[in-house]
Amino acid sequence: MGELEVEKHVKYILLVEKRKDDFESVVMEHLRMNGAYWGLTTLDLLGKLETVDTEEVVSWVMKCQHESGGFGGNVGHDPHLLYTLSSVQVLALFDKINVLDTDRVSNYIAGLQNDDGSFSGDMWGEVDTRFSYIAICCLSLLHHLDKINVEKAVKYIVSCKNLDGGFGCTPGGESHAGQVFCCVGALSITGSLHHIDKDLLGWWLCERQVKSGGLNGRPEKLPDVCYSWWVLSSLIMIDRVHWIDKEKLVKFILDCQDKENGGISDRPDDAVDVYHTYFGVAGLSLLEYPGLKAIDPAYALPVDVVNRIFFGR
């Protein structure tokens, strides 16, 4: 079996942050905050977070905060739940949540809950179970879940459950591994996993493994490294991870590495990017690959970071 090119991946991630003019950073411009979360969490899982200047990162994150309390994807951009969660996660990595006015941030998030319990991503109102997960995850990290109607939020998520055991982005929407993670993660954080038919969903999830060992997001689709996270974390949360071939999946992820320059791609021999690098390494962490820090399947943060937030240790 190949092995994880730790040093090369660290170098690759640090370079992505520095290059401002190439294709990847131009594409990433509006979601720089997500990129920061993916890159920095990867570094932490690899045990290399100290290669980054904490003050610089924290001050940039705080410049992305909007007067509404939410965060934008970059300085001067409009706030959105997606970037707000990434901002809180980045601050959590550095143990800097204390720089936030948590009331302001949590009021922004709570203000996006709709009457039916669902959440809009921002003031323009697109509704998606992704936003339910993001709101619940973020408020939980800030110790402010009491600011929303959790019961209604759970009810809405359960209304998005399908006959195949999976979940869609809205009621009746097609089951998709990314949405499954969001719904299972939100139900896990709120202590509501009893709403899931674990055998049925577990079966649907383990059917996502294809011959190469990789996982896809829906039936008949190509495998993609990012589903190593979405599918695997869901299987772990519902206690059915032993239903897939872990060794074949490890091999698939390692085969997607750029062994020369670092980084991980969606499939072997494709171009690498920071998104797939993060989900590849996070997937390997869930697979207990040697030398990686453990990651929490619900919060998508290193276990020691989550323990620090909830148990102060």
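**Pockets, pairs and a core**

Modeller: This is a predicted model. In it, 21 residues line the largest pocket, and Trp-38, Leu-82, Arg-130, Trp-230 and Phe-279 are the ones nearest its centre.

Biologist: Which elements give two or more residues to that lining?

Modeller: They are α3 (32-45), α5 (81-93), α7 (129-141), α9 (177-189), α11 (227-237) and α13 (274-286). The space inside comes to about 500 Å³.

Biologist: How many residues of each class are in the lining of the largest pocket?

Modeller: There are 14 nonpolar, six polar and one charged. Trp and Phe count as nonpolar and Arg as charged, so Trp-38 and Phe-279, both close to the centre, go with the nonpolar residues. Arg-130 lines this pocket too, so the one charged residue must be Arg-130.

Biologist: And the second largest pocket, how much space lies in there?

Modeller: About 400 Å³. It has 17 lining residues, with Glu-17, Arg-32, Val-52, Glu-56 and Val-57 closest to the centre. Two or more residues each come from α1 (6-18), α3 and α4 (54-63), and α3 gives the most, with six.

Biologist: Let's turn to salt bridges. Why is the pair Arg-218 and Glu-174 called a salt bridge?

Modeller: The cut-off is 4 Å from a side-chain nitrogen of Lys or Arg to a carboxyl oxygen of Asp or Glu. Here the N to O distance is 3.2 Å, so the pair qualifies. The structure holds 11 salt bridges.

Biologist: Why do you say that Arg-218 and Glu-174 tie parts of the chain together?

Modeller: Because Arg-218 lies in the loop between α10 (198-206) and α11, while Glu-174 lies in the loop between α8 (150-158) and α9, the pair ties together parts that are 44 residues apart in sequence.

Biologist: What about Asp-199 and Arg-240?

Modeller: Their side chains meet in a salt bridge too, at 2.9 Å from N to O. Asp-199 is in helix α10 and Arg-240 in the loop between α11 and α12 (246-255), so this pair ties together parts 41 residues apart in sequence.

Biologist: Is Arg-240 buried or exposed, and how do you know?

Modeller: Its relative accessible area is 17%, and buried means under 20%, so Arg-240 is buried. Asp-199 has 43%, which falls between 20% and 50%, so Asp-199 is partly exposed.

Biologist: Which residue forms a salt bridge with Asp-304?

Modeller: Lys-293, with the closest N and O atoms 3.0 Å apart. Asp-304 sits in helix α14 (residues 303-311) and Lys-293 in the loop between α13 and α14, 11 residues apart.

Biologist: Last one: which residues have the most contacts inside the largest nonpolar core?

Modeller: Leu-40, Leu-81, Tyr-133, Leu-201, Trp-229 and Tyr-278, in a core of 108 residues. Beyond its neighbours within four places in sequence, the contacts of Leu-81 include Tyr-108, Ile-109, Leu-112, Phe-119 and Phe-131.

Methods
Residues are numbered from 1 along each chain as its sequence is written. This is a predicted model: local features need pLDDT of at least 70, side-chain atom pairs count only at pLDDT 80 or more; totals for chains, interfaces and linings use all residues. Side-chain values use heavy atoms; hydrogens and water are left out. On a 1 Å grid over the protein atoms alone, a cavity is a set of points where a 1.4 Å probe fits but cannot get out, and a pocket is an open set with protein on both sides within 12 Å along at least five of seven lines; lining residues have an atom within 4 Å of a point. Grid points are joined across faces, edges and corners, and a volume is the space filled by probe spheres set on the points. Helices (H or I, at least four residues) and strands (E, at least two) are DSSP runs, numbered from the N terminus. Buried means under 20% relative accessible area, exposed over 50%, partly exposed in between (1.4 Å probe, protein chains only). A nonpolar core is a set of buried Ala, Val, Leu, Ile, Met, Phe, Trp, Tyr and Cys residues joined through side-chain atoms within 4.5 Å. Contact means heavy atoms within 4.5 Å.
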